[in-house]
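Morning, everyone. Please bring up the model on your screens, and keep the sequence beside it.

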Amino acid sequence: MADPLGPQAIMTEPMTPDMTDEGESDVAPTEAAEEDEEELDPFRDDDPTLHGLRNINSLASWTVSTHKPTCGISALLSPTPHTYWQSDGPQPHTLTIHFFKLVHIAKLRILLDFRKDESYTPTRMQFLAGTGHHDLCEFGGWEGTQPIGWQDVPLEGCGVGGGRGLRCFLVQVKVLENHQNGKDTHVRGVQIFAGDERVPRMSEDVCETESDSESDSSDVESMDEEEEKEARAKKAAAKGKSLFDLKGLGGPDEPDWMKDPVLR
């Protein structure tokens, strides 16, 4: 005798939105989204290159050439990578950062995301700096194809005597080209860093002296006081430095007026 209820009488377990046909939870997209958000987090503190640096964004006034409604400076400097500055005009698109005092920039980076912005993604940028708009000089450039995440702006050779670092009052960023010749641009974040005086610094001489002391500690244990002094003096003479010539050990930095003059 056939079942009066027919095939519809078979009980089936309702599927929840987070389950696949096999009954397994499909959480891969969520995990991937979390990984992407961590990659673009503007306040990641696990970047070793930021040790000894502090963010000085708040020391400047920020202006842009054009922007869409709700996509201006506040969106650019927002802590979340999901907001961005979107231009609304002809190229080049400019971002001007004017500090109220002379700053020594140690690191400059820009947050881009090709996966979300596509043709709005910058592919070529120009960077200028000076004391004001009247004396801006180009100090670097950047080019990329499909950038994702923080892009460091090269600062090598910008300091006094060709050193690293940039001393200025004003920084200007020009977006010259976008991906696939896009008209407007998206920039999701800009961060400027200077040296943090609160973090203790040690010079190379001090570090080398401490490492030498640690490596020689086992050798001098068997020496008497006179032999130990003689051995250390010979080692110091071979390196061309005195044991007491520890530059940077709590002493003040070289003042600006003692450095080599620079024509600007």
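I'll go from the overall picture to the strands, then the core, then a few rings.

First, the ground rules. This is a predicted model, so local features need pLDDT of at least 70 and side-chain atom pairs count only at pLDDT 80 or more, while totals for chains, interfaces and linings use all residues. Residues are numbered from 1 along each chain as its sequence is written, and side-chain values use heavy atoms, with hydrogens and water left out.

Now the overview. The protein has five helices and 10 strands. Those are DSSP runs numbered from the N terminus: helices are H or I with at least four residues, strands are E with at least two. Of the 264 residues, 33% are buried. Buried means under 20% relative accessible area, exposed over 50%, partly exposed in between, with a 1.4 Å probe and protein chains only. Take the contacts with a separation of 6 or more: 74% of them join residues 24 or more positions apart. Contact means heavy atoms within 4.5 Å.

Next, strand 8, residues 166-178. Strand 4, residues 93-113, runs antiparallel to strand 8, with nine bridges. Thr96 has Gln172 as its bridge partner there. Strand 5, residues 122-130, is also antiparallel to strand 8, through eight bridges. Here Met125 stands opposite Val175. For strands to pair, DSSP must find at least two bridges between them.

On to the core. The largest nonpolar core has 32 residues. Such a core is a set of buried Ala, Val, Leu, Ile, Met, Phe, Trp, Tyr and Cys residues joined through side-chain atoms within 4.5 Å. Among the members that touch the most others are Leu95, Phe127 and Phe139. Which strand gives the most to this core? Strand 4, with eight residues.

Now the rings. There is one aromatic pair. The ring centres of Phe127 and Phe139 are 6.2 Å apart and the planes sit at 45 degrees, so the pair is tilted. The rule: rings of Phe, Tyr and Trp (its six-membered ring) pair if their centres lie within 6.5 Å; planes under 30 degrees apart are stacked, over 60 edge-to-face, the rest tilted. Phe127 counts as buried because its relative accessibility is 0%. Phe139 counts as buried too, at 16%. Beyond its neighbours within four places in sequence, Phe139 contacts residues including Leu108, Val153 and Leu166.

Last stop: Arg109 lies over the face of Trp150, 4.2 Å from the ring centre. That needs NZ of Lys or CZ of Arg within 6 Å of the ring centre and within 35 degrees of the ring normal.
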